[in-house]
Amino acid sequence: MQAISFYLLYPFIWLFSLLPLRALYFISDFVVYPVLYSMLGYRKKVVRDNMRQVFPEKTEAERQAIERKFYHYLADLFMETIKGFSISYEELIQRVTFTNQDFFEKVYRENEGIVITLGHVGNYEWLAQCFPRIANVRMGVPYRKLTNPYFDKAFRASRERGGAILFHTKETLDFIKNEKSRYILVLANDQSAPAEKSYWVKFLNRDTSFFEGTEKMARQLNFPVLFAHIGVSGRGRYAISFQPVTDDPSKEPLGAILAEHARLLEQNIYQAPEYWLWSHKRWKHQKPAGFTYGFTRNILS
């Protein structure tokens, strides 16, 4: 059944991706957005609950304005993800710019590798597609496997078009063991982590759990850590800048790397909140009773 659904749908997705972006944005405005927002109300309760907790100082009208912008952007992101199957590299580099690439290249030259941390802000798919070729780097990206193996293979191939090396999250250690040359490891960390196996911090006005992996990997590799700030400069146009988190993880107090990641991600989101994925069930876990903040277990053992 999974093979049948793939072979029935994928040819239409591919042909759809060949449409110019202006046509896809027209469909986004007049088909996808109304369906997501008005007809289906896709995860609207989750979005509203999240925004109510994060922006208690805003009026209901102000929150709804952000909400509508978010659903408009979610529709655009859906179209841009489809476009990612066929978009040319020439068009992609016109749409994704790196504002301080010289700083990144200096850090890369002076070290054996870099850990890049970021959140699901803007079009992180296009970033993965174009950055390895722009910066001429080897880039490893762990991702969550799709349940349909045929679509998993297709989306993985799309994301690897620019040279990124994708692997399932559980294969991260295998990638690190087998990689012999200089590389960067890109870790998106803004999903809800299990309460008893996470780092807890105040984030977006709420007690929030982050996955431990960002700090564990950075300390194990002892690579400098950079945060990728994703800005939206226009429709379908993104500006990425790199901000230092630490030059030497081994010299940082335990938790400092994730605390700084959370702070920089929070800044990124507050600057233009409509470009973050509010539809994620980000706060589905509760902080353990009697626990304050930090790691809930020893990550160095």
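**Entry 1: a charged network and a pocket**

I started with Asp29, Asp76 and Arg235, which are linked in a network of salt bridges. A reminder to myself: this is a predicted model. Asp76 and Arg235 came up again when I turned to the second largest pocket, where they are among the residues that lie nearest its centre, together with Tyr73, Val232 and Tyr275. I noted 13 lining residues for this pocket and a volume of about 160 Å³. Which element gives the most to the lining? I found that helix 4 does, with five residues. Helix 4 (60–83) and strand 8 (225–234) each supply at least two residues of that lining.

**Entry 2: other salt bridges**

I have 17 salt bridges in the count.

Glu91 pairs with Arg95, with the closest N and O atoms 3.3 Å apart. Both sit in helix 5 (residues 89–95), four residues apart, or about one turn of the helix. Glu91 is partly exposed at 26% relative accessible area, while Arg95 counts as buried at 12%.

Lys106 and Glu110 form a salt bridge too, and here I read 3.1 Å between the closest N and O atoms. Is Glu110 buried or exposed? I put Glu110 down as exposed, because its relative accessibility is 53% and the cut-off for exposed is over 50%. Lys106, at 42%, counts as partly exposed.

Arg159 forms a salt bridge with Glu125, the closest N and O atoms being 2.8 Å apart. This pair links distant parts of the chain, with Arg159 in helix 8 (residues 149–159) and Glu125 in helix 7 (residues 124–135), 34 residues apart. I found both Arg159 and Glu125 buried.

Next I looked up Tyr183, in strand 5 (residues 183–188). Tyr183 is buried, with 3% relative accessible area. Beyond its neighbours within four places in sequence, I listed its contacts, including Tyr108, Ile114, Phe175, Leu221 and Phe223. Its C-alpha atom is separated by 5.7 Å from that of Met139, 44 residues apart along the chain.

**Entry 3: a patch on the surface**

Last, I checked Leu8 in helix 1 (residues 2–17). Leu8 counts as exposed at 54% relative accessibility. With Met1, Ile4 and Leu9, Leu8 makes a nonpolar surface patch of about 470 Å².

Note on methods: Residues numbered from 1 in each chain as written. Predicted model: local features only at pLDDT ≥ 70, side-chain atom pairs only at ≥ 80, totals over all residues. Heavy atoms only, no water. Buried < 20%, exposed > 50% of the residue type's maximum accessible area, 1.4 Å probe, protein only. Contact = heavy atoms within 4.5 Å. Patch = residues over 30% accessible without salt bridge, like charges linked within 9 Å, V, L, I, M, F, W, Y side chains within 5 Å. Areas by Shrake-Rupley, 256 points an atom, 1.4 Å probe, with all protein chains shown as cover. Salt bridge = Lys/Arg side-chain N within 4 Å of Asp/Glu carboxyl O. 1 Å grid on protein atoms, 1.4 Å probe; cavity = no way out; pocket = protein on both sides within 12 Å on 5 of 7 lines; lining within 4 Å. Points joined across faces, edges and corners; volume = space filled by probe spheres on them.
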